[in-house]
Amino acid sequence: MLVTGATGRVGRVVIDQLLNAGVPVRALTHSSETAARLPATVEIFIGDLTVPESLDPALNGAGAVFLVWTAPPQTASAVVERLAANVRRVVFLSSPHQTPHPFFQQPNPMAVLHADIERLIAATGLESTIIRPGMLASNSLAWWTPAIQAGEVVRWPHGAAETAPVDDRDVAAVAARTLYQDGYVGGDYVLTGSESLTQAAQVDVIGDALGRRIAFEEMTPDEFRSLSEATAPSSVVDMLLAAWSAAIGQPAYITNAVADILGTAPRTFRQWAADHATAFTEGSEGS
(Lines give C-alpha, C1' and ligand atoms only; values in the text may rest on other atoms or scores of the structure.)
Protein backbone atom coordinates (compact mmCIF):
# COMPACT_ATOMS: atom_id res chain seq x y z
CA MET A 1 0.00 0.00 0.00
CA LEU A 2 1.38 3.41 -0.98
CA VAL A 3 0.41 6.34 1.25
CA THR A 4 0.73 9.88 -0.09
CA GLY A 5 0.54 12.79 2.33
CA ALA A 6 2.46 10.40 4.55
CA THR A 7 3.48 12.90 7.21
CA GLY A 8 0.17 14.77 7.31
CA ARG A 9 -2.53 14.66 9.97
CA VAL A 10 -4.40 11.78 8.36
CA GLY A 11 -1.77 10.05 6.25
CA ARG A 12 0.62 9.57 9.14
CA VAL A 13 -2.06 7.74 11.15
CA VAL A 14 -3.08 5.69 8.10
CA ILE A 15 0.49 4.35 8.06
CA ASP A 16 0.22 3.25 11.69
CA GLN A 17 -3.16 1.63 11.05
CA LEU A 18 -1.81 -0.34 8.09
CA LEU A 19 1.30 -1.46 9.98
CA ASN A 20 -0.85 -2.58 12.91
CA ALA A 21 -2.87 -4.69 10.46
CA GLY A 22 0.31 -6.32 9.16
CA VAL A 23 0.11 -4.62 5.77
CA PRO A 24 3.40 -3.68 4.04
CA VAL A 25 3.53 0.10 3.64
CA ARG A 26 5.24 2.49 1.27
CA ALA A 27 5.27 6.22 1.92
CA LEU A 28 5.66 9.06 -0.55
CA THR A 29 7.30 12.09 1.00
CA HIS A 30 8.98 15.25 -0.25
CA SER A 31 12.37 14.83 1.38
CA SER A 32 14.59 12.61 3.47
CA GLU A 33 14.08 15.09 6.31
CA THR A 34 10.34 14.41 6.49
CA ALA A 35 10.94 10.71 5.87
CA ALA A 36 12.93 10.56 9.11
CA ARG A 37 9.66 11.00 11.04
CA LEU A 38 8.25 7.72 9.73
CA PRO A 39 8.61 4.23 11.24
CA ALA A 40 11.67 2.26 10.17
CA THR A 41 9.49 -0.52 8.74
CA VAL A 42 8.03 1.81 6.12
CA GLU A 43 9.54 1.76 2.62
CA ILE A 44 10.30 5.39 1.79
CA PHE A 45 10.08 6.99 -1.64
CA ILE A 46 10.92 10.61 -2.35
CA GLY A 47 8.53 12.18 -4.82
CA ASP A 48 6.22 15.08 -5.51
CA LEU A 49 2.71 15.29 -6.97
CA THR A 50 3.83 18.29 -9.03
CA VAL A 51 6.38 16.04 -10.78
CA PRO A 52 4.28 13.05 -11.87
CA GLU A 53 7.20 10.99 -13.14
CA SER A 54 8.76 11.12 -9.66
CA LEU A 55 5.96 8.81 -8.49
CA ASP A 56 6.94 5.94 -10.80
CA PRO A 57 9.37 4.14 -8.45
CA ALA A 58 6.84 4.24 -5.60
CA LEU A 59 4.01 2.99 -7.82
CA ASN A 60 5.99 0.13 -9.35
CA GLY A 61 4.70 -3.00 -7.63
CA ALA A 62 2.20 -1.19 -5.39
CA GLY A 63 -1.29 -2.65 -5.10
CA ALA A 64 -3.26 0.34 -3.85
CA VAL A 65 -2.77 4.03 -3.12
CA PHE A 66 -4.12 6.37 -0.48
CA LEU A 67 -4.27 9.65 -2.37
CA VAL A 68 -4.16 12.94 -0.50
CA TRP A 69 -3.96 15.86 -2.94
CA THR A 70 -1.66 18.51 -1.49
CA ALA A 71 -0.53 20.20 -4.71
CA PRO A 72 -1.81 22.70 -7.28
CA PRO A 73 -4.28 21.20 -9.77
CA GLN A 74 -2.16 21.33 -12.90
CA THR A 75 -0.63 17.86 -12.60
CA ALA A 76 -3.72 16.02 -11.33
CA SER A 77 -4.54 14.43 -14.68
CA ALA A 78 -0.99 13.15 -15.22
CA VAL A 79 -0.83 11.76 -11.67
CA VAL A 80 -4.14 9.91 -12.00
CA GLU A 81 -3.00 8.48 -15.35
CA ARG A 82 0.09 7.10 -13.64
CA LEU A 83 -1.99 5.62 -10.85
CA ALA A 84 -4.22 3.86 -13.39
CA ALA A 85 -1.22 2.48 -15.27
CA ASN A 86 0.41 1.00 -12.18
CA VAL A 87 -2.10 0.10 -9.45
CA ARG A 88 -5.49 -1.54 -9.14
CA ARG A 89 -7.08 0.52 -6.40
CA VAL A 90 -7.16 4.05 -4.99
CA VAL A 91 -8.71 5.51 -1.85
CA PHE A 92 -9.08 9.27 -2.30
CA LEU A 93 -9.33 11.74 0.57
CA SER A 94 -11.92 14.17 -0.76
CA SER A 95 -14.50 16.49 0.82
CA PRO A 96 -18.31 16.40 1.30
CA HIS A 97 -19.00 18.76 -1.60
CA GLN A 98 -21.99 16.66 -2.74
CA THR A 99 -23.62 16.71 0.69
CA PRO A 100 -27.01 18.53 0.76
CA HIS A 101 -26.27 20.67 3.79
CA PRO A 102 -25.63 24.43 3.55
CA PHE A 103 -22.32 24.10 5.42
CA PHE A 104 -20.88 22.05 2.53
CA GLN A 105 -22.56 23.90 -0.34
CA GLN A 106 -20.72 27.22 -0.19
CA PRO A 107 -18.21 28.19 -2.92
CA ASN A 108 -15.04 26.24 -2.17
CA PRO A 109 -11.98 26.05 -4.48
CA MET A 110 -10.74 22.87 -2.78
CA ALA A 111 -14.09 21.17 -3.36
CA VAL A 112 -13.88 22.06 -7.05
CA LEU A 113 -10.43 20.48 -7.22
CA HIS A 114 -11.64 17.38 -5.38
CA ALA A 115 -14.58 16.99 -7.77
CA ASP A 116 -12.24 17.25 -10.76
CA ILE A 117 -9.93 14.57 -9.36
CA GLU A 118 -12.89 12.31 -8.67
CA ARG A 119 -13.95 12.64 -12.31
CA LEU A 120 -10.42 11.83 -13.46
CA ILE A 121 -10.33 8.73 -11.27
CA ALA A 122 -13.75 7.56 -12.46
CA ALA A 123 -12.71 7.94 -16.11
CA THR A 124 -9.75 5.58 -15.71
CA GLY A 125 -11.70 2.56 -14.48
CA LEU A 126 -9.59 2.34 -11.32
CA GLU A 127 -11.20 0.55 -8.39
CA SER A 128 -11.88 3.51 -6.15
CA THR A 129 -13.24 4.48 -2.77
CA ILE A 130 -13.97 8.10 -1.87
CA ILE A 131 -13.85 9.22 1.74
CA ARG A 132 -15.17 12.66 2.65
CA PRO A 133 -14.38 13.88 6.15
CA GLY A 134 -16.32 16.87 7.39
CA MET A 135 -14.69 19.32 9.79
CA LEU A 136 -11.62 17.69 11.36
CA ALA A 137 -11.40 17.95 15.14
CA SER A 138 -7.72 18.85 14.85
CA ASN A 139 -8.58 22.13 13.10
CA SER A 140 -9.27 23.54 16.56
CA LEU A 141 -5.59 23.18 17.42
CA ALA A 142 -4.60 25.57 14.66
CA TRP A 143 -7.48 27.93 15.35
CA TRP A 144 -7.60 28.29 19.12
CA THR A 145 -4.29 27.12 20.64
CA PRO A 146 -2.58 30.56 20.61
CA ALA A 147 -5.33 32.20 22.67
CA ILE A 148 -5.69 29.23 25.00
CA GLN A 149 -1.94 29.06 25.63
CA ALA A 150 -1.91 32.75 26.45
CA GLY A 151 -4.88 32.42 28.81
CA GLU A 152 -6.86 34.82 26.66
CA VAL A 153 -10.45 34.93 25.44
CA VAL A 154 -11.01 32.86 22.30
CA ARG A 155 -12.35 35.34 19.76
CA TRP A 156 -13.89 33.70 16.69
CA PRO A 157 -16.61 34.41 14.11
CA HIS A 158 -19.98 32.65 13.96
CA GLY A 159 -19.73 31.00 17.35
CA ALA A 160 -23.29 29.66 16.96
CA ALA A 161 -22.40 27.68 13.83
CA GLU A 162 -22.80 23.94 14.41
CA THR A 163 -20.45 21.28 13.07
CA ALA A 164 -19.85 17.61 13.89
CA PRO A 165 -16.05 17.42 14.24
CA VAL A 166 -14.61 14.07 13.22
CA ASP A 167 -11.49 12.71 14.91
CA ASP A 168 -8.55 12.46 12.50
CA ARG A 169 -7.83 9.00 13.91
CA ASP A 170 -11.27 7.79 12.84
CA VAL A 171 -10.75 9.17 9.34
CA ALA A 172 -7.39 7.41 9.13
CA ALA A 173 -8.86 4.14 10.41
CA VAL A 174 -11.57 4.26 7.75
CA ALA A 175 -9.00 5.03 5.05
CA ALA A 176 -6.82 2.10 6.12
CA ARG A 177 -9.74 -0.31 6.36
CA THR A 178 -10.99 0.57 2.88
CA LEU A 179 -7.46 0.17 1.51
CA TYR A 180 -6.62 -3.29 2.75
CA GLN A 181 -10.03 -4.95 3.09
CA ASP A 182 -12.33 -5.99 0.27
CA GLY A 183 -15.91 -4.80 0.03
CA TYR A 184 -15.38 -1.05 -0.29
CA VAL A 185 -14.75 -0.64 -4.01
CA GLY A 186 -17.15 1.97 -5.34
CA GLY A 187 -17.86 3.22 -1.83
CA ASP A 188 -18.47 6.90 -1.18
CA TYR A 189 -18.45 7.79 2.51
CA VAL A 190 -19.06 11.09 4.31
CA LEU A 191 -17.31 10.88 7.68
CA THR A 192 -18.49 12.97 10.64
CA GLY A 193 -18.49 12.89 14.39
CA SER A 194 -21.63 11.77 16.19
CA GLU A 195 -22.70 15.08 17.75
CA SER A 196 -23.58 18.54 16.55
CA LEU A 197 -21.76 21.25 18.51
CA THR A 198 -21.56 25.01 18.09
CA GLN A 199 -18.09 26.42 17.81
CA ALA A 200 -18.54 28.12 21.18
CA ALA A 201 -19.53 24.77 22.71
CA GLN A 202 -16.40 23.18 21.27
CA VAL A 203 -14.30 25.76 23.09
CA ASP A 204 -16.19 24.89 26.28
CA VAL A 205 -15.37 21.21 25.78
CA ILE A 206 -11.68 22.03 25.39
CA GLY A 207 -11.88 24.07 28.58
CA ASP A 208 -13.37 21.07 30.39
CA ALA A 209 -10.46 18.93 29.17
CA LEU A 210 -8.03 21.50 30.56
CA GLY A 211 -9.92 21.88 33.82
CA ARG A 212 -10.61 25.58 33.37
CA ARG A 213 -13.17 27.82 31.77
CA ILE A 214 -12.19 29.37 28.45
CA ALA A 215 -14.14 32.51 27.63
CA PHE A 216 -15.52 32.84 24.10
CA GLU A 217 -16.22 36.13 22.38
CA GLU A 218 -17.83 36.71 19.00
CA MET A 219 -15.59 38.24 16.33
CA THR A 220 -16.97 39.95 13.23
CA PRO A 221 -16.26 38.41 9.83
CA ASP A 222 -14.29 41.52 8.81
CA GLU A 223 -12.09 41.19 11.89
CA PHE A 224 -11.49 37.54 11.02
CA ARG A 225 -10.51 38.43 7.47
CA SER A 226 -8.09 41.05 8.71
CA LEU A 227 -6.46 38.76 11.26
CA SER A 228 -6.21 35.88 8.78
CA GLU A 229 -4.50 37.83 6.00
CA ALA A 230 -1.03 36.59 6.92
CA THR A 231 -1.94 32.96 7.55
CA ALA A 232 -4.53 31.83 4.99
CA PRO A 233 -5.53 32.60 1.38
CA SER A 234 -8.50 34.93 1.13
CA SER A 235 -10.44 32.26 -0.78
CA VAL A 236 -10.11 29.86 2.16
CA VAL A 237 -11.14 32.54 4.65
CA ASP A 238 -14.18 33.48 2.56
CA MET A 239 -15.14 29.81 2.23
CA LEU A 240 -14.96 29.24 5.99
CA LEU A 241 -16.96 32.35 6.79
CA ALA A 242 -19.65 31.46 4.25
CA ALA A 243 -19.86 27.86 5.52
CA TRP A 244 -20.12 28.86 9.17
CA SER A 245 -22.70 31.54 8.38
CA ALA A 246 -24.81 29.05 6.43
CA ALA A 247 -24.65 26.54 9.31
CA ILE A 248 -26.14 28.85 11.92
CA GLY A 249 -29.56 27.79 13.13
CA GLN A 250 -29.50 24.16 12.08
CA PRO A 251 -27.84 20.99 13.35
CA ALA A 252 -24.72 19.71 11.66
CA TYR A 253 -24.90 16.98 9.04
CA ILE A 254 -24.16 13.64 10.74
CA THR A 255 -23.59 10.18 9.23
CA ASN A 256 -23.07 6.67 10.59
CA ALA A 257 -20.27 5.87 8.15
CA VAL A 258 -17.49 5.64 10.74
CA ALA A 259 -19.47 3.20 12.88
CA ASP A 260 -20.63 1.21 9.86
CA ILE A 261 -17.07 0.68 8.58
CA LEU A 262 -15.15 0.33 11.85
CA GLY A 263 -17.83 -1.38 13.92
CA THR A 264 -17.33 1.14 16.74
CA ALA A 265 -18.84 4.55 17.37
CA PRO A 266 -16.77 7.54 16.27
CA ARG A 267 -14.76 9.24 19.00
CA THR A 268 -16.57 12.21 20.50
CA PHE A 269 -15.12 15.70 20.42
CA ARG A 270 -14.87 15.47 24.21
CA GLN A 271 -12.70 12.37 23.88
CA TRP A 272 -10.56 14.04 21.22
CA ALA A 273 -10.10 17.12 23.44
CA ALA A 274 -9.13 14.98 26.45
CA ASP A 275 -6.58 13.07 24.36
CA HIS A 276 -5.06 16.28 23.02
CA ALA A 277 -5.26 18.49 26.10
CA THR A 278 -1.48 18.88 26.37
CA ALA A 279 -1.35 20.11 22.76
CA PHE A 280 -3.33 23.19 23.79
CA THR A 281 -0.87 24.00 26.55
CA GLU A 282 2.42 22.93 24.96
CA GLY A 283 1.76 23.89 21.35
CA SER A 284 2.39 20.46 19.81
CA GLU A 285 -0.20 18.57 17.81
CA GLY A 286 -0.43 15.76 20.33
CA SER A 287 -0.95 12.11 19.49
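User: Which residues of α6 are buried?

Analyst: In helix α6, the buried positions are Asn-139, Ser-140, Leu-141, Trp-143, Trp-144, Thr-145, Ala-147 and Ile-148. Buried means under 20% relative accessible area, exposed over 50% and partly exposed in between, with a 1.4 Å probe and protein chains only. Helices (H or I, at least four residues) and strands (E, at least two) are DSSP runs numbered from the N terminus. The model is predicted: local features need pLDDT of at least 70 and side-chain atom pairs count only at pLDDT 80 or more, while totals for chains, interfaces and linings use all residues. Residues are numbered from 1 along each chain as its sequence is written, and side-chain values use heavy atoms, leaving out hydrogens and water.

User: Why is α6 described as largely enclosed, and what covers its buried residues?

Analyst: Eight of the 11 residues of α6 are buried, so the helix is largely enclosed by the rest of the structure. The cover over these buried residues includes β7, α8, α10 (234-247), α12 (269-275) and α13 (277-282). Just after α6, Gly-151 takes a positive phi of about 70°.

User: Which residues of α6 and α8 meet?

Analyst: Ser-140, Trp-143, Trp-144 and Ile-148 of α6 meet Gln-199, Gln-202, Val-203, Ile-206 and Leu-210 of α8; contact means heavy atoms within 4.5 Å.

User: How do you know that Arg-132 and Glu-118 form a salt bridge, and what does the pair tie together?

Analyst: A salt bridge requires a side-chain nitrogen of Lys or Arg within 4 Å of a carboxyl oxygen of Asp or Glu. The side chains of Arg-132 and Glu-118 meet at 2.8 Å, N to O. Arg-132 lies in strand β6 (residues 127-133) and Glu-118 in helix α5 (residues 109-124), so the pair ties together parts that are 14 residues apart in sequence. Arg-132 and Glu-118 are buried. Salt bridges that share partners join Glu-118, Arg-132 and Asp-188 into one network.

User: Are Glu-223 and Arg-155 buried or partly exposed?

Analyst: These residues also meet in a salt bridge, at 3.0 Å, N to O. Glu-223 has 31% relative accessibility and therefore counts as partly exposed; Arg-155, with a relative accessible area of 29%, is partly exposed.

User: Why are Arg-169 and Asp-167 called buried?

Analyst: Arg-169 has a relative accessible area of 15% and is therefore buried. Asp-167 is buried as well, at 2%. Their side chains meet in a salt bridge of 2.7 Å, N to O.

User: What makes a set of residues a nonpolar core, and which residues have the most contacts inside the largest one?

Analyst: A nonpolar core is a set of buried Ala, Val, Leu, Ile, Met, Phe, Trp, Tyr and Cys residues joined through side-chain atoms within 4.5 Å. The largest has 33 residues, and Val-14, Phe-66 and Ile-131 have the most contacts inside it. Helix α7 gives the most to this core, with seven residues. A second, separate core of 31 residues includes Leu-141, Ala-147, Ile-206 and Met-219.
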